[in-house]
Amino acid sequence: MTAIGQTMPFAGPMAGLLDRERIIAKAGFNRWLVPPAALCIHLCIGMAYGFSVFWLPLSRALGTSRAP
């Protein structure tokens, strides 16, 4: 335990979640990598939902479905 007035090694004035030091990109950050990365993530997430629409007809066409 620490006495009153002593600080822990990790304690102290920490930047808040939306402080300027945390939200401004550091020098050398390539901002043009963000849109392609976001597009890839959206395509991957959307693929799971989009494919679910075709799952039953596709399985029926392949003869692997047990549904009527």
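1. Phe51 is partly exposed, at a relative accessible area of 33%. The classes used are buried for under 20% relative accessible area, exposed for over 50%, and partly exposed in between, with a 1.4 Å probe and protein chains only. Phe51 sits in helix H2, which covers residues 34-62.

2. On the basis of the note: this is a predicted model, in which local features need pLDDT of at least 70 and side-chain atom pairs count only at pLDDT 80 or more, while totals for chains, interfaces and linings use all residues. Residues are numbered from 1 along each chain as its sequence is written, and side-chain values use heavy atoms, with hydrogens and water left out.

3. The protein chain contains two helices and zero strands. These are DSSP runs numbered from the N terminus, with helices being H or I of at least four residues and strands E of at least two.

4. Of the chain's 68 residues, 1% count as buried. The accessible surface of the protein chain is about 6,800 Å², and carbon and sulfur atoms account for 70% of that. Areas come from the Shrake-Rupley method with a 1.4 Å probe; for residues, only the protein chains shown count as cover.

5. Ser59, also in helix H2, counts as buried because its relative accessibility is 10%. Its side chain reaches the backbone oxygen of Leu56 at 2.8 Å.

6. A search of the whole structure finds one aromatic pair. Phe51 and Trp55 make up this edge-to-face pair, with 5.4 Å centre to centre and 65° between the planes. Rings of Phe, Tyr and Trp (its six-membered ring) pair if their centres lie within 6.5 Å; planes under 30 degrees apart count as stacked, over 60 as edge-to-face and the rest as tilted. Both residues lie in helix H2, four residues apart, about one turn of the helix. Trp55 counts as exposed because its relative accessibility is 53%.

7. Phe51 and Trp55 also belong to a nonpolar surface patch with Met47, Leu58 and Leu62, with about 540 Å² of accessible area together. Patch residues have over 30% relative accessible area and no salt bridge; like charges are joined within 9 Å, and nonpolar side chains (Val, Leu, Ile, Met, Phe, Trp, Tyr) within 5 Å. A salt bridge here is a side-chain nitrogen of Lys or Arg within 4 Å of a carboxyl oxygen of Asp or Glu.

8. With a disulfide taken as a pair of cysteine sulfur atoms within 2.5 Å, the count is zero. Cys40 is in no disulfide, and the nearest cysteine sulfur, in Cys44, is 6.6 Å away. That separation is too far for a bond. Cys40 is partly exposed at 47% relative accessible area, whereas Cys44 is exposed at 59%.

Conventions. A polar contact is a pair of N or O atoms within 3.5 Å; within protein, one must be able to donate a hydrogen and the other to accept it, and residues adjacent in sequence count only if both atoms are side-chain atoms.
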